[in-house]
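I opened the model to look up how two chains meet. A second look went to a pair of helices.

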Amino acid sequence: MNNGSNIIFEAKGITKRFGGVTALEDVDLQVHEGKVNVVVGENGAGKSTLMKILSGVYADYGGQLFFKGEAVHFNNPKEAMAQGIAIIHQELNLIPYLTISENIFLGREIRTPLGVLNTKQMHSKTQALLTRLNCHLSPNTLVGALKVGEQQLVEIAKALLEEAKVVIMDEPTSAISDTEVATLFNIIRALKEQDVSLLYISHKLDELFQIADRFIGLRDGKMVGTLEQAAKATKEDLIRLMVGRDLKHLFKKEAVPMGAEILRVENLNLRINKAHQASAHRLKNIHFKLRKGEVLGIFGLMGAGRTELLETLFGLHAKDMTGSISIASEQVHIRSVMDAIAHGMALVPEDRKEDGLVLQMEIAKNVSLASMGKITKNGVINAKSEMTLAKKFIETLHIRTPSERQHAKNLSGGNQQKVVLAKWLATHPKVLFLDEPTRGIDINAKNEIYHLINALAKKGLGLVVVSSELPEIMAISDRILVLANGSVSAEFNQENAHEEKIMQAATQ
Amino acid sequence: MNQIKNTLLRFQSIIALVALCIVLTLLSDKFLTPENGWNIMRQISINVCISVGMTLVILTRGIDLSVGSILAFSGAVTAGLLKYGVELPAFNVFMEFTVFGAILGGLLVGGCLGTFNGWMITRFKVPPFVATLAMLTIARGATMLWTGGFPITGLGTTFAFIGTGWFLGIPMPVWIMAVLVGLAMFVTHKMVFGRYIYAVGGNESAARLSGIDIKKIKVWVYALAGILAAVGGIMLTSRLDSAQPNAGMSYELDSIAAVVIGGTSLSGGRGSIMGTVQGALIIGVLNSGLVLLNVSPFWQQIIKGFVILIAVILDRLNHPNED
Ligand SMILES: Nc1ncnc2c1ncn2[C@@H]1O[C@H](COP(=O)(O)OP(=O)(O)OP(=O)(O)O)[C@@H](O)[C@H]1O
Ligand SMILES: [Mg+2]
């Protein structure tokens with residue numbers, strides 16, 4: 001079974017419960033040495049929970065861990081780190097005001113015998129780590145000035161400082177661009193050569209085949225099997241491993257008859273004035289139209305202004321924008337989010353934890369938050385309508401939760417995303433902006449969301465979808481706008497959309 | 001086992017309260033008497049009124065240090081209006097006030113000062129700590145000016161009824177407290193305004209993106225805190241039959257203590273009015289017990305400090321993943 005490779009790290013019979021929720025039940029997992037061990041599973045399958053147990057984040061669980069054949073138990077991430085197990089969480093944990101080297105040595109600074117910080121040694125060690133990762137940044141760069149992908153490199157460097165033997169990565173590619181993904185994969189290959197073992201989680205199935213050595217499937221908190229030879233596996237095999245069956249109907253866009261114009265944007269400019277900084281021209285002269293029933297895809301690299309565009313339309317930069325916005329052929333003045341919502345707009349933001357959810361509130365309260373008017377009378381909330389509303393969306397969006405009263409923070413990443421979506425669908429919008437709607441969402445749920453987008457278009461909504469996944473944007477859009485450096489660099493319709501041309505337009 | 005631990009943690013303040021009462025009953029035969037019960041209730045009523053407002057403020061992730069001074073100023077204004085009326089020689093105007101009018105005047109002053117706090121915080125982005133610290137000294141100064149540094153006394157029996165009267169066998173301050181607590185619970189649990197308070201404190205950015213008018217919510221919350229402090233001021237003035245220029249000194253601390261002991265998180269978005277009432281009760285019972293047991297006032301302060309620490313440590317155990 002172990003085709004020639006050693007098992008460096010092993011979990012046996014792991015069980016983890018949160019109150020009444022069983023997140024993991026009797027899970028066995030083996031990490032093969034020097035291999036990329038990929039864990040796949042639907043949202044809420046228990047992947048992140050398992051990784052948190054392996055890396056010492058959760059200390060109370062049933063079952064036993066074995067590192068190099070010896071039973072181990074970690075009370076905190078530091079103890080796991082000391083043994084050589086490092087985790088890179090999806091959320092980056094860096095301090096922007098500190099330099100790369102200061103971040104890497106945070107909490108384990110090297111001192112001279114007199115107790116003074118030994119900056120020189122930390123600097124040179126950081127330099128060595130960065131070189132090992134093929135990265136040419138100076139250790140003195142402030143982390144706040146780095147791109148997301150570069151920050152992730154810093155996280156990896158941080159993990160490698162303690163001579164990590166096992167590196168766990170939980171959805172590392174969900175927030176970075178394609179070129180950065182390529183860099184990351186090169187690093188992963190290099191780490192493998194240095195005999196580091198990896199545990200890797202991702203919902204981007206196509207990417208996985210580039211690096212995976214073996215696949216491990218989790219479903220509903222249980223181990224369902226492995227595909228030992230990743231090279232021989234197909235995407236269908238992988239989906240079957242995750243979902244337990246073939247995906248019924250892979251998404252195929254249906255033609256929807258388009259109606260009247262619903263949104264028109266003319267000459268939109270955005271200049272952000274920050275104190276002590278030259279004003280930055282973030283969006284330049286943007287024009288587009290959107291019709292009822294149309295899905296407009298917006299593609300662009302990180303920093304091209306995709307998110308800013310949606311935010312501006314949604315009234316978040318009212319003071320810094322110029323240009324005109326018309327809804328249903330009537331010019332509107334959107335000075336705030338309240339105005340935008342009143343005009344039938346809705347925005348599902350990119351960062352669900354920061355901007356989408358009130359994490360310590362219940363699901364039901366999150367769902368109703370943007371449409372309180374619909375469930376209240378004289379300022380008093382009708383608790384029953386609120387629950388009904390939440391239940392409806394839990395059912396239609398297949399949100400995996402024991403009840404609508406569960407706190408949003410206890411949901412898995414993908415299910416949190418669905419709650420944000422539910423919140424905005426509850427407002428019955430006319431124009432729906434979706435910023436990376438499938439980030440961190442499993443393939444099954446992704447399919448569901450594509451179908452949902454189609455269904456909403458059929459109902460006459462106008463949709464604007466931002467995504468950094470090219471295949472996704474091509475599959476769901478009627479038309480694609482490509483943004484580069486704040487302006488529209490190209491426009492494609494279904495017939496002439498071509499992967500390479502789009503990429504070219506985005507990188508110019 | 002875990003289940004039991006969780007339940008214990010959840011009801012920690014009620015358990016603490018009951019335990020405290022049992023211990024005090026065993027130690028002193030004067031503790032568990034109706035008179036002492038009403039006494040405690042009457043004593044905490046003012047703190048509860050202020051703390052209801054403080055809870056709302058803290059739920060939005062703010063703080064209000066000015067409640068003690070606003071209490072003093074509103075109390076003094078009410079007393080002044082009642083006793084001397086308002087005279088504007090320039091316009092040849094003299095106005096006398098009924099009890100009702102004077103109370104309304106006091107509440108209005110509290111509301112205005114609170115609104116001013118909210119305005120500073122939302123319009124000029126002054127941190128709540130600083131804005132209300134400034135108001136703490138502004139309102140105290142205003143009280144001194146208004147009273148000339150001397151108490152205003154002799155306010156009449158009608159007015160005294162608010163602080164000392166009984167109605168249906170229950171002291172008036174307790175009635176006022178109960179009504180306000182009931183209202184506040186209704187607002188926080190059942191009304192949109194309450195929901196928005198939790199949302200703003202829990203995640204301001206998500207709340208803004210959901211179309212909630214953050215500034216409006218915050219201004220209202222500070223205004224309410226001001227009004228509730230004024231209620232406290234009026235109750236105190238009535239009970240003493242006098243408005244003292246230095247009334248309400250350091251009341252903000254007792255109020256924050258009640259909120260924190262009651263399990264409301266200073267980082268916003270989590271907590272409840274009921275918790276705060278329990279917190280105020282714990283402080284009240286403790287105060288009364290220590291007095292009955294003849295503990296020196298110096299020790300009382302030290303003990304109170306440790307109670308706050310223990311409460312917060314227990315709360316940490318209850319919510320390990322927040323910072
Ligand atoms: N702190 C918690 N309290 C209660 N339930 C939790 C908690 N953390 C996770 N869960 C539940 O455990 C299950 C597994 O969650 P986990 O985050 O491990 O899923 P995942 O496989 O990582 O999903 P995703 O792909 O969406 O990130 C989910 O049903 C989730 O709701
Ligand atoms: Mg996860």
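I first counted salt bridges between chain B and chain A and found one, taking a side-chain nitrogen of Lys or Arg within 4 Å of a carboxyl oxygen of Asp or Glu. The side chains of A:Glu386 and B:Arg195 form a salt bridge, at 2.5 Å from N to O.

The model is predicted: local features need pLDDT of at least 70, side-chain atom pairs count only at pLDDT 80 or more, and totals for chains, interfaces and linings use all residues. Residues are numbered from 1 along each chain as its sequence is written, chains are lettered from A and ligands numbered from 1 in the order in which they are written, and side-chain values use heavy atoms, with hydrogens and water left out.

I then looked up the extent of the interface. Chain B gives 22 residues to the contact and chain A gives 29 (contact: heavy atoms within 4.5 Å). About 1,900 Å² is buried between the two chains, 61% of it on carbon and sulfur atoms (accessible area, 1.4 Å probe, that two parts lose on being put together, summed over both). B:Arg195, B:Leu209 and B:Ser210 supply 35% of the area that chain B buries against chain A, more than any other three residues.

Last, I checked helices α8 (residues 172-190) and α13 (residues 273-292) of chain B. They pack at about 145° with axes 9 Å apart (axes are lines fitted to C-alpha atoms over the stretch in contact, and angles run from 0 to 180 degrees between N-to-C directions; helices are DSSP runs of H or I, at least four residues). B:Val181, B:Ala184, B:Met185 and B:Thr188 of α8(B) meet B:Ile273, B:Met274 and B:Val277 of α13(B).

Definitions and conventions. Helices (H or I, at least four residues) and strands (E, at least two) are DSSP runs, numbered from the N terminus.
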